Amino acid sequence: MSLVLHDLVFQEDRRPSPFCWRIKMALAHKGLPFQTNPVPFTGIRDLHGGAYPTVPILDDGERTVHDSWAIADDLEARYPERPLFGSPGERGLCRFTEAWLFTAVFPLLLPMYVLDLHDHTLERDRAYFRAKREKMFGHTLEEASAGREKKRDAARASLQPARMTLKKQPFLSGEQAGYADYIVGGALHWVASIGTLPLLEAGDPLVDWFERLRDLHGGAGRTSPTYALVG
């Protein structure tokens, strides 16, 4: 049965969506062959009659599943081999991991990289992207990203829980990579896809972990262009 993942695309075939990235890694984790369909922001409304406002969207034969969590749960139910979650408790901790990212990390990263995001979107998407993000910020993208070099230390510090975990074990999920790794890895892949300002310092344990994560499953995390995370 053919699996098709609709995946957000930017210039130079960059694929920045952290949600799509975690599903690509989840599919590779389970050994499921799939194709990606690159979709611009303004092309999402043309998929499935406009039923879904965002990607990822996974077409699995005649089934369509939307939203990264719904897709992960559906993959676990339909393809139980090579589980993403070792237990219901681990799934719950993955929810906590995502909540930490979106309350403590992304609020610091988004202003730093929002102008990079804009500059890497396809030309057809730029007016849409600018209008939506400037409404969210309440000011221009240029104002949001101003002085971002001075904000980098705080952004680095926000990732300290992941560093502390990786001092004790090779992956956030333990001895083997799991969905928690793909969630946090998706955030770093988002930065690496468009970030012209390197986020991490040399020697940061997150760097080695991210490179090992990208190498997993036959290099599943190296299928689109990225910038260096270290500088």
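In this predicted model, the C-alpha centres of domain 1 and domain 2 sit 19 Å apart. The two domains run over residues 3–78 and 88–220 respectively, with bounds that come from an automatic or database domain assignment. Where they touch (contact meaning heavy atoms within 4.5 Å), domain 1 puts in 23 residues and domain 2 puts in 34 residues. Numbering starts from 1 along each chain as its sequence is written. As the model is a prediction, local features need pLDDT of at least 70 and side-chain atom pairs count only at pLDDT 80 or more, while totals for chains, interfaces and linings use all residues; side-chain values rest on heavy atoms, leaving out hydrogens and water.

Now for the interface itself. Domain 1 and domain 2 bury about 2,600 Å² between them, and 65% of that is on carbon and sulfur atoms; buried area here is the accessible area (1.4 Å probe) that two parts lose on being put together, summed over both. The polar side of things comes to 13 residue pairs in polar contact between the domains, both partners being at pLDDT 80 or more. A polar contact is a pair of N or O atoms within 3.5 Å; within protein, one must be able to donate a hydrogen and the other to accept it, and residues adjacent in sequence count only if both atoms are side-chain atoms. On the side of domain 1 that touches domain 2, the elements giving two or more residues are helix H1 (18–29) and helix H2 (68–78), and H1 gives the most, with 9 residues. Helices (H or I, at least four residues) and strands (E, at least two) are DSSP runs, numbered from the N terminus.

Salt bridges turn up here too, each being a side-chain nitrogen of Lys or Arg within 4 Å of a carboxyl oxygen of Asp or Glu. The whole structure has 22 of them, and 2 cross the interface of domain 1 and domain 2. Arg-22 and Glu-98 pair up through their side chains at 2.7 Å, N to O. Another salt bridge joins Asp-74 to Arg-63, with the closest N and O atoms 2.3 Å apart. Asp-74 is in helix H2 and Arg-63 in strand E4, so this pair ties together parts that are 11 residues apart in sequence.

Val-55 and Pro-56 are joined by a cis peptide bond, with omega about 15°, and Pro-56 lies in the loop between strand E2 (35–39) and strand E3 (57–60). Asp-67, in the loop between strand E4 (63–66) and H2, is not a glycine, yet has a positive phi of about 90°.
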